[in-house]
Each structure stands twice: as structure tokens, then as C-alpha cells.
Amino acid sequence: MDKHSILVCMGWEQLEIRLQKCEGWEQIEISLPNCSSLQVISFPVVQLHLNRTAMRASQKDFENAMNQVKLLKKDPGNEVKLKLYSLYKQATEGPCNMPKPGVFDLINKAKWDAWNALGSLPKETARQNYVDLVSSLSSSLESSSQVEPGTDRKSTGYETLMVTSEDGITKIMLNRPTKKNALNVEMYHEIMHALKAASKDDSAITVLTGNGDYYSSGNDLTNFTDIPPGGVEEKAKNGAVLLREFVGCFIDFPKPLIAWSMSSLWGIFRSPSLGYSIAVYASDRATFHTPFSHLGQSPEGCSSYTFPKIMSPAKATEMLVFGKKLTAGEACAQGLVTEVFPDSTFQKEVWTRLKAFAKLPPNAMRISKEIIRNREKEKLHAVNAEECSVLQGRWLSDECMNAVVNFLSRKSKL
Ligand SMILES: CCCCC/C=C/C(=O)SCCNC(=O)CCNC(=O)[C@H](O)C(C)(C)COP(=O)(O)OP(=O)(O)OC[C@H]1O[C@@H](n2cnc3c(N)ncnc32)[C@H](O)[C@@H]1OP(=O)(O)O
């Protein structure tokens, strides 16, 4: 008996179809992701289509899914909420029938873009996609809160991070690779939480890195679209409070902190990573970029104070004011990076060092870090406060709004 297995994408989901050619007859097995039983039907293929249609979500499934959304314990984030919104509208009203909102009406424009992008997707398919999305959300949010049992390796219930602890090293890895590890609001909170936990755990050192080809692309620019009832002023105020607290966590972090960058590092995550780490290791393909002016913004993470001290005022101006992108080699020559390794041996070289550092007496390392940092701590907190206050104003400027709108309209393909 010949057996062939084909994966077919049918617009709304992937079906696995197994063809079994037996003597004198043929049968098709269809495996549906959300269906436990295998359907076994015979040719003609038109029957396959009819069977699939019968599997579509009923109105009841759709209503259940809507109720399930209200019960989600964690906020699934803006992108998912936009997808849910657009599928809901398509399923209930059909193709987008609203006039396009103005460019500054960021939230309604993002909603409109998402709905409009669904084009003429049939209502039934939208309903099915909605049900599937809610079902995948419910299971992923449940499973992600499970803690790996048994070993001394921890991977706690973070949505946007992978945190592990072994051999005296706690590794905090930004884990939104499909979004180039952009920091959404949840990630800011989770990093603060992970840093606080790492400061109290029994590891000797803490390492920060990113999953995928970008260490981080900086602040998630869709953060700017979730406007609270108090309007953009309240949004900017909340952003400044969040940023101040976030950077404050790095300033106060008591243990040796090591940034490990195989890849590109933009914006917000760059300043704390480079300005406060004891050591920064980079692969020779890593780059460092602070496009504050391009985004109508101003320096954060105390970079307005630490960078001119580490580099020189002139070099810091090139980076912070003109947004010059540095290669790893340039960043190392200017003192922002401790050491650069060839990409091919990077992991091995860095792990060798980290393991050796983690064996040093932890209290001695803490005290040494404290004595280096304490003289500057008060100053760093004051600079942080000033930078956040300036940024709060920048976020309300046309320059900043236009830059964000440009980025979002470039990516309006939800
Ligand atoms: C509240 C505190 C605020 C503190 C102030 C902080 C300031 C900063 O952090 S300034 C730096 C802000 N970051 C940026 O300006 C980078 C924006 N991103 C890009 O320019 C590009 O995405 C790229 C150069 C980083 C990568 O380009 P490319 O390789 O072509 O990949 P894509 O653009 O297709 O990105 C894939 C996917 O990821 C989304 N994404 C990437 N970066 C961000 C971001 N910063 N914010 C939101 N989303 C981001 C991108 O939109 C794509 O998503 P999909 O379209 O859904 O696939």
C-alpha cells in the first residue's frame, strides 16, 4: 500500500490530507487541527469540500468564543485584539463599510485598517477564524503559565520572555522574535518583574538577550495606538511613568548584568543594556541604533548622560542626535561594547566566560558593582526623571506622531 501525506492550506487553516491507495479503491483521511477524530471519506473530492463546510463554526460556537474572550486572564496584546476585532466585524457585518478615519485618530485607523484588510473574506470563514483564534489563545495562555517541573531550570509563566536559571546564571531572553522583540507594554512589565526576581534568586549573574535575528527593535510603536479615555496626554503621562520605572530597575539592579547581543539592538533596550551592564558581548554582525530624532523623540535610558561619558560628546551626538548606526566593532572601539566575537564562535566564547564569571564569589561581585554604581546612582535617577519628562512632551509632538503613523501605515497588513 502506498501512503502519501500532503499539507494543504485552504485559506482558513491547514489540513493534513493522507492519501491511501489500496487495491481497487482509494480513501482520504483528513486531520483537522481542532477535531479529535479523523474523517475518512471516499472520493469524489467534492465530498471533501462538503465535509469541511459542515465543520465550520456554528453561531453558538461563535457566541461561546466571544464569551471566552471576556474570560481570558491575560491581555493578549493589541495585535491580537485588532485581529479579533476585525474578524468579529467581518463575521457580523461583512466587508468593511465604514469611512476611513483620519491619520491622527490612531486607534480607529488601526481598527479600520485591520477590518479593511480582510477584504471580501466570507462571513462564515471570518466566524471560523475568530473561533480558531480564541481557541488557540485560550490554550496558549493556559499552557504558558505552566512551570517546567523537575530540574533547576526555570521557565516561568511569561508571555514575552523566556527566563531560565542554571549554573548560577539567570538568562532573560526577549521572546517576540516575529516582532523583532519590540517592547510592548506587557514586555516592559515582565522585564521589570524578571529583573526583580533575578535580583533575589540564587544566581550569581544575570544575562539579557533576545531571541531571533534582532536583540530588540526598541519600543513597540503600536504602544502609541492604545489611547486611554484621558486621551493622548494621559497616554504620554503613563508612558513616562512606565519608562521611568523600567529604567529605574536597571539603575538599581544589584547583580552583575551582562548584555549578550548577536544581533541588532535599537532604541530603548539599547540604552539600559549598554549604559548599565557590567559587560556587553556582541557578535561581529550586531549593530546598535538609536533613531530618536528620526522618531521625533529624545534620548532615554540615561543615554544623554552615560553615552557622552563612555564615548565622547561628539560621538554621542552622532549616535543620539543624528541616529548613526554603529557596527559592533565601532561600538567596541568607542567603549559601548566590551568584546566582539566572530558570529560562528560567539555562543561558545560567551558561555565560556559567563560560566567562569558565575563561579566567582557572588557577594564580592555584588559589592564591587555597588561601589562602582553607588556614586552615580542618584545622578542616574535624576537624569532618568528629566529624560522621561522631556519625552512625555515629545510624544505629544507632531514630529513624533507623524513618525509613528508612517511606521504603522507601512505595516498596515493585518
Ligand atoms: C514607553 C517607553 C518608550 C521609550 C522610548 C523608546 C524609544 C525607542 O525604542 S526608539 C526605537 C523604536 N524602534 C524603531 O523605530 C524600529 C521600528 N522597526 C523597524 O524599523 C523595522 O521593523 C526593523 C528595521 C527593526 C526591522 O525591519 P525588517 O527586518 O524589514 O522587519 P519588519 O519591519 O518586517 O518587522 C517584522 C515585524 O515586526 C514588527 N516590528 C518591528 N519593530 C517594531 C517596533 N519597534 N514596533 C512595532 N512593531 C515592530 C513589524 O511591524 C513587523 O510586523 P508585521 O508587519 O506584523 O509582520
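Begin with a residue on the outside: select D167, which is exposed, with a relative accessible area of 51%. Please keep in mind throughout that this is a predicted model. D167 sits in the loop between β5 (161–166) and β6 (169–174), and its phi is positive, at about 50 degrees, although D167 is not a glycine.

Next, follow the chain to N181, in the loop between β6 and α6 (185–200). Is N181 buried or exposed? N181 is buried, with a relative accessible area of 0%, whereas D167 is exposed. N181 also has a positive phi, near 55 degrees, in a residue other than glycine.

Now show the whole chain as a cartoon. You can look for 14 helices and 14 strands, and if you colour by accessibility, buried residues make up 45% of the 414 residues. Among the contacts with a separation of 6 or more, 67% are accounted for by residues 24 or more positions apart.

The following stops concern helices that lie against each other. Two packed helices are described by the angle between their axes and by the distance between those axes.

Select residues 59–71 for helix α2 and residues 78–93 for helix α3, whose axes come within 13 Å and cross at roughly 155 degrees. An angle over 145 degrees counts as roughly antiparallel, and so α2 is roughly antiparallel to α3. The crossing of these two helices, α2 and α3, is left-handed. To see where they touch, show the side chains of F62, M66 and V69 in α2, which meet L84, Y88, A91 and T92 in α3. The residues of this contact divide into six nonpolar, one polar and no charged.

Although Q128 and F62 are 66 residues apart along the chain, their C-alpha atoms are separated by 7.7 Å. Q128 is buried, with a relative accessible area of 6%.

**The pair α3 and α4**

On the α3 side, show L82, Y85, S86, K89, Q90 and E93, and on the α4 side show A110, K111, A114 and W115, which they meet. Which classes of residue make up the contact of α3 with α4? Sorted by class, there are five nonpolar, two polar and three charged residues.

One of these residues deserves a stop of its own: centre the view on W115, which lies in helix α4. At 1% relative accessibility, W115 counts as buried. If you leave aside the neighbours within four places in sequence, W115 is in contact with Y85, S86, K89, Q90, E93, G94, P95, C96, N97 and M98. To check one distance yourself, pick the C-alpha atoms of W115 and P95, which are 20 residues apart along the chain and separated by 7.5 Å.

**The pair α9 and α10**

Move along to helix α9 (residues 303–310) and helix α10 (residues 313–320), whose axes come within 7 Å and cross at roughly 135 degrees. This makes α9 oblique to α10, and the crossing of α9 and α10 is right-handed. The side chains to display are S303, S304, F307 and P308 of α9, together with P313, A316, M319 and L320 of α10, which make the contact. By class, this contact of α9 with α10 has six nonpolar, two polar and no charged residues.

**A last stop at the cysteines**

Finally, select the cysteines. How many disulfides does a search of the whole structure find? The search finds zero disulfides. Take C388 as an example: the nearest cysteine sulfur, that of C302, is 8.2 Å away, while a disulfide requires a pair of cysteine sulfur atoms within 2.5 Å, so C388 is in no disulfide. C388 counts as buried, at 3% relative accessibility, and C400 is buried with a relative accessible area of 1%.

Definitions and conventions:
Residues are numbered from 1 along each chain as its sequence is written. This is a predicted model: local features need pLDDT of at least 70, side-chain atom pairs count only at pLDDT 80 or more; totals for chains, interfaces and linings use all residues. Side-chain values use heavy atoms; hydrogens and water are left out. Buried means under 20% relative accessible area, exposed over 50%, partly exposed in between (1.4 Å probe, protein chains only). Axes are lines fitted to C-alpha atoms, for helices over the stretch in contact, and angles run from 0 to 180 degrees between N-to-C directions. Helices (H or I, at least four residues) and strands (E, at least two) are DSSP runs, numbered from the N terminus. Angles under 35 degrees count as roughly parallel, over 145 as roughly antiparallel, 65 to 115 as roughly perpendicular and the rest as oblique. A crossing is left-handed if the near helix is turned anticlockwise from the far one by less than a right angle, and right-handed if clockwise. Contact means heavy atoms within 4.5 Å. Ala, Val, Leu, Ile, Met, Phe, Trp, Tyr, Cys and Pro count as nonpolar, Asp, Glu, Lys and Arg as charged, and the others, Gly among them, as polar.
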